[in-house]
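User: Hi, I'm new to this one. Can you walk me through it?
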Amino acid sequence: METVVSGIRSTGNLHLGNYYGAIQNFVKMQYEYNCYFFIADLHSLTTHPTPDNLHINVKNVLVEYLAAGIDPERATIYVQSDVPEIAELYLYLNMNAYLGELERSTSFKDKVRAHPDNVNAGLLTYPVLMAADILIHKATKVPVGKDQEQHLEMARTFGNRFNRLYNKEYFPEPYAFNFSQNLVKIPGLDGKGKMGKSEGEGNAIFLSDPPEVIRKKVMRAVTDSGPTAENQAKPDEIQNLFDLMKVVSAPDTIAHFDNLYNTMQIRYGDLKKQLAEDMIIATAPIREKINDIANDAPYLRQVARYGAIKARESAQKTIKEVREIIGFKSF
Ligand code: TYM
């Protein structure tokens with residue numbers, strides 16, 4: 001059975017981008033593959049969380065994984081920092097990751113632009129840690145959104161480089177995966193790029209957002225003053241709203257608003273109202289479970305401990321073999 005690995009950074013609550021880009025696939029994949037889904041708390045250290053925030057954010061992601069339908073009996077759910085073998089593999093892979101290629105990564109360049117005062121080595125080697133996450137279980141499929149595609153390419157590069165260096169076909173090649181063939185990019189509500197937790201207030205709809213918050217955020221989404229000709233191309237901010245509709249609304253609803261746009265009769269207020277209601281319906285089953293799971297400390301403890309044991313079993317096997325391949329020998 002093929003092995004699947006994916007993770008989500010614990011830098012805040014999960015949003016619709018995480019859900020439709022990644023988690024929806026996790027839930028389906030757990031029935032077909034040997035799955036490892038983790039909470040990337042080591043990755044979150046690049047943003048320097050306080051100890052309290054670190055723990056709260058890890059807990060939130062764990063709770064929301066479970067509320068979204070990841071079954072700990074089927075998939076291995078674990079916290080990245082509970083598996084120190086990942087950090088060890090990261091160290092080995094770092095020895096063969098080069099400054100030039102790390103600096104060229106799009107996400108690194110974006111981070112440097114956004115936070116020029118915090119360009120730390122962890123940010124630079126972020127794709128190496130991600131490769132270690134994947135290679136530690138020798139995974140071949142990685143359910144992620146479109147923004148992670150380049151990181152997957154780097155994971156293949158680092159795995160292949162290790163194989164070549166030691167002249168051994170050890171790590172298989174991991175590829176980004178989505179059931180719908182194409183990787184997904186869910187737009188945010190600010191009229192610009194993708195939905196993200198660090199893109200500013202109001203850009204993201206979180207799975208834990210109550211209905212009234214969803215309504216408020218959607219009503220504030222950026223729009224223009226309306227089409228000025230029939231069948232006009234949609235500007236980015238309007239196309240974004242239609243793209244969001246594509247994930248939560250029925251096809252005839254989208255066709256209805258598309259038609260109103262093309263005939264210049266659209267009222268953005270109506271479109272937003274509909275979009276908000278469809279988002280509320282789409283997230284309700286998850287939202288309703290979040291509180292109960294969050295209050296069940298013994299269950300969360302059990303899930304995290306069991307997941308760590310299973311993940312370490314697999315990781316320890318890889319690290320033992322990697323150490324032998326590299327040439328570490330005990331006396
Ligand atoms: P992160 O935490 O930013 O996002 C987690 C997952 O959600 C997807 N995603 C989106 N998909 C579509 N549209 C969006 N607007 C959107 N926003 C987020 C991401 O593509 C991702 O799949 N580096 C990773 C976490 C990670 C990881 C890994 C993933 C660490 N190690 C190993 C896979 C394998 C990240 O920061 O994702």
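Analyst: Helices (H or I, at least four residues) and strands (E, at least two) are DSSP runs, numbered from the N terminus. This is a predicted model, where local features need pLDDT of at least 70 and side-chain atom pairs count only at pLDDT 80 or more, while totals for chains, interfaces and linings use all residues. Residues are numbered from 1 along each chain as its sequence is written, and side-chain values use heavy atoms, with hydrogens and water left out.

User: Which side chain has an N or O atom 3.1 Å from an oxygen atom of the ligand?
Analyst: That's Asn-18. With nitrogen atoms of the ligand, a polar side-chain atom of Gln-148 is at 3.3 Å, and an N or O atom in the side chain of His-43 is at 3.5 Å. The protein covers 98% of the 700 Å² of accessible area that the ligand has on its own, using the Shrake-Rupley method with a 1.4 Å probe.

User: Switching topic: where is Pro-172 found?
Analyst: Pro-172 is in the loop between α9 (149–165) and β5 (175–177).

User: Why does Pro-172 count as partly exposed?
Analyst: Because its relative accessibility is 26%. Buried means under 20% relative accessible area, exposed over 50%, and partly exposed in between (1.4 Å probe, protein chains only).

User: What does Pro-172 touch?
Analyst: Leaving out residues up to four places away in sequence, Pro-172 touches Leu-135, Lys-138, Ala-139 and Thr-140. Contact means heavy atoms within 4.5 Å.

User: What about Thr-253, buried or exposed?
Analyst: Thr-253 counts as buried because its relative accessibility is 16%. This residue is found in helix α12 (residues 251–262). Beyond residues up to four places away in sequence, Thr-253 touches Met-245, Gln-274 and Asp-278.

How values were computed
Polar contact = N/O pair within 3.5 Å; in protein donor to acceptor, adjacent residues only side chain to side chain.
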